[in-house]
Amino acid sequence: MYLLSIDPAAIDWARAQFALTAIYHWLFVPLTLGLGLIMAIMETKYYRTGDVFWRKTAQFWQRLFGINFAMGVATGIILEFEFGTNWSNYSWFVGDIFGAPLAIEGIVAFFMESTFVAVMYFGWEKVSKGFHLASTWLTGIGATISAWWILVANSWMQYPVGCEFNPDTMRNEMTSFLDVALSPYAVDKFCHTVTSAWVIGAVFVVAVSAWYLLKKREAEREMAQKSLRIGAIVGLIASVLAAITGDESAYKVAEVQPMKLAAMEALYNGGPDQSLTAVAWVNPFVQPDYQNEEEAPLRIAIPYGLSFLATRSLHGYVPGVNDILKGYTREDGMVEPSVQEKMERGRSAIETLAAYRQAKAEGADEATLSPLLSTLKEDFPYFGYGYIRDESELVPYIPINFWAFRVMVGLGTLFILFFAFILFLDWKKKDIASMNWLLIAAIILLPCAYICSESGWLVAEFGRQPWTIQDMLPVGASVSNIGSSAVATTFWLFLVLFTVLLAVEISIMLKQIKRGLNK
Amino acid sequence: MAKEGFWHKAFHLYYDGFRQMTLGRTLWLVIGIKLIIIFVVLKIFFFPDFISHHANEGEEADFVATELSHRVIP
């Protein structure tokens with residue numbers, strides 16, 4: 001089996017372009033969510049105390065929120081353009097399942113955010129304090145609800161539920177809106193993503209505050225000190241929550257995407273009593289020889305850690321890459337077929353679908369169509385495997401998953417320690433403003449927060465390769481039959497456009513930060 | 001003097017807000033340029049809807065079915 005008439009370079013360029021756009025979009029979203037929470041907390045302080053200091057502080061962070069919000073607006077729309085042009089088979093195949101959450105997101109974003117953002121910026125002297133505070137909170141909540149629907153759509157691709165494939169329309173049709181909207185995978189992803197976004201907001205507030213203290217800016221000193229404290233409190237709570245929700249996400253991944261977990265852990269051969277790898281030497285530039293290596297070299301691991309993470313039992317069975325390829329028995333007793341069997345059933349599903357449509361076009365009766373439909377329904381869970389030429393295509397690129405996961409967890413742990421340390425110093429009444437090394441560290445941690453967040457997405461998206469829709473449709477079948485040069489052209493176009501826009505944003509943001517409390 | 005109605009207040013919230021913008025003017029300029037690039041340049045010239053360009057209306061399912069079945073050779 002092999003993919004016909006598709007330029008492999010077109011698949012790579014389409015993926016690269018989507019990754020570029022998504023990574024760029026994700027530079028703005030987490031700061032919107034994180035800063036949305038913190039500026040609302042600042043304004044709540046103003047509402048409760050009536051102290052004008054808090055009003056000025058809230059307004060300052062709202063201005064920075066506005067810059068980030070304006071720069072992020074519509075960058076996600078480009079992803080939808082790419083679906084229609086580069087990923088047309090996928091777009092049609094997912095049908096209304098993907099369209100419904102995105103439509104809801106668009107409506108919520110437009111009406112809720114545009115209304116309350118306007119009141120937040122224009123309404124200080126025109127509405128009551130309570131209504132203004134509610135608008136500020138609803139601005140952040142609106143952005144969070146928007147994120148919910150995007151994450152529901154993404155989660156469905158990783159764990160397709162609440163749908164049924166219609167061979168007549170060639171689309172997946174929603175059978176249960178609640179199953180899609182409240183899928184456990186989506187709930188875990190939402191909680192982990194939003195709490196990690198709060199961490200970025202907190203790191204941003206702490207870093208900007210640290211810069212004022214480092215520069216000895218007297219006009220902003222009090223604002224910086226109090227913002228730093230609030231940032232550290234939010235940061236500590238959020239980073240602990242991100243760790244807890246991350247653990248839940250990993251548990252869910254182990255259940256529905258075991259190959260992703262195996263790639264994250266560079267676990268070639270699984271079994272019971274699996275230890276969790278802390279570090280190991282996985283060459284970042286070469287796919288390891290997982291078929292012949294027992295385990296990654298120089299491995300240091302936490303005994304029973306992986307079994308506990310994946311099954312909530314110290315002795316639970318965790319499949320490795322080779323187990324998944326050969327087939328294995330799950331912890332709950334279910335037998336997972338080998339990929340060879342899945343590939344055969346996938347081919348059967350594709351052939352049956354073609355036969356069904358042919359028969360239907362020729363006006364076949366129910367007696368002819370019914371058995372074809374039954375076979376299709378039986379084999380459809382493995383539909384995507386029919387496009388797989390070699391079982392090695394089912395193994396994601398292990399080095400990226402392995403290292404991105406460690407970067408994310410390592411930096412996440414560092415944030416917990418850093419915020420806890422700041423709050424400890426604050427509790428001990430130490431003069432943080434005079435600790436230049438700490439202030440410099442706080443500023444350095446800002447890019448680290450973005451690296452941490454983007455690493456999380458690398459794990460989520462590289463780990464599910466080769467699938468656009470888990471087990472249903474691989475990237476090679478999802479992509480449009482389009483020339484690679486066309487996609488490459490727009491890739492470079494985007495790279496230039498995004499670089500310019502990012503430079504503009506950073507420039508406006510830095511200018512505003514330098515102005516400080518003066519408008 | 002008659003009390004101002006809701007719509008009057010809402011209008012003035014936006015009208016006065018936009019008039020008194022400082023930083024907002026720059027941001028709206030960037031947003032405007034960005035939207036023009038995205039919707040006028042990128043969407044029209046670089047991101048046509050692939051299926052509607054290759055299949056007649058009502059025949060999209062056939063087109064996708066052919067695409068998906070022809071991607072595989074036994």
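Me: Why does Trp427(A) count as exposed?

Reply: In this predicted model, Trp427(A) has a relative accessibility of 64%. The cut-off for exposed is over 50%, so Trp427(A) counts as exposed.

Me: What class does Phe424(A) fall into at 41% relative accessibility?

Reply: Phe424(A) counts as partly exposed, because 41% lies between the limits of 20% and 50%.

Me: What makes the rings of Phe424(A) and Trp427(A) a tilted pair?

Reply: The ring centres are 6.2 Å apart, and pairing needs centres within 6.5 Å. The planes stand at 50°; stacked would need an angle under 30 degrees and edge-to-face one over 60. The pair is therefore tilted.

Me: How do you know that about one helical turn separates Phe424(A) and Trp427(A)?

Reply: Both lie in helix H15 of chain A, residues 398-427, and they are three residues apart.

Me: Which parts of chain A does the pair of Tyr159(A) and Tyr185(A) tie together?

Reply: Tyr159(A) is in the loop between helix H6 (129-158) and strand S1 (163-166), while Tyr185(A) is in helix H8 (residues 184-214), so the pair ties together parts that are 26 residues apart in sequence.

Me: Are Tyr159(A) and Tyr185(A) buried or partly exposed?

Reply: Tyr185(A), with a relative accessible area of 4%, is buried, because the limit for buried is under 20%. Tyr159(A) has 23% and is partly exposed.

Me: What makes the contact of Asp62(B) with Arg357(A) a salt bridge?

Reply: The closest N and O atoms of Asp62(B) and Arg357(A) are 2.4 Å apart. The rule asks for a side-chain nitrogen of Lys or Arg within 4 Å of a carboxyl oxygen of Asp or Glu, so the contact qualifies as a salt bridge. Across the interface of chain B and chain A the rule finds two salt bridges, and twelve residue pairs are in polar contact.

Me: Which helix of chain B supplies the largest share of the side that touches chain A?

Reply: H2(B) does, with 13 residues. By class, that side of chain B has 25 nonpolar, five polar and eight charged residues.

Me: What area is buried between chain B and chain A?

Reply: About 4000 Å² is buried, and carbon and sulfur atoms give 76% of it. In chain B, Phe47(B), Leu68(B) and Arg71(B) lose the most area to chain A, together 20% of what that side buries.

Conventions. Residues numbered from 1 in each chain as written. Chains lettered and ligands numbered in written order. Predicted model: local features only at pLDDT ≥ 70, side-chain atom pairs only at ≥ 80, totals over all residues. Heavy atoms only, no water. Buried area = accessible area lost by both parts, 1.4 Å probe. Polar contact = N/O pair within 3.5 Å; in protein donor to acceptor, adjacent residues only side chain to side chain. Helix = DSSP H or I, 4+ residues; strand = E, 2+ residues; numbered from the N terminus. Nonpolar A, V, L, I, M, F, W, Y, C, P; charged D, E, K, R; others polar. Buried < 20%, exposed > 50% of the residue type's maximum accessible area, 1.4 Å probe, protein only. Phe/Tyr/Trp six-rings, centres within 6.5 Å; stacked < 30°, edge-to-face > 60°.
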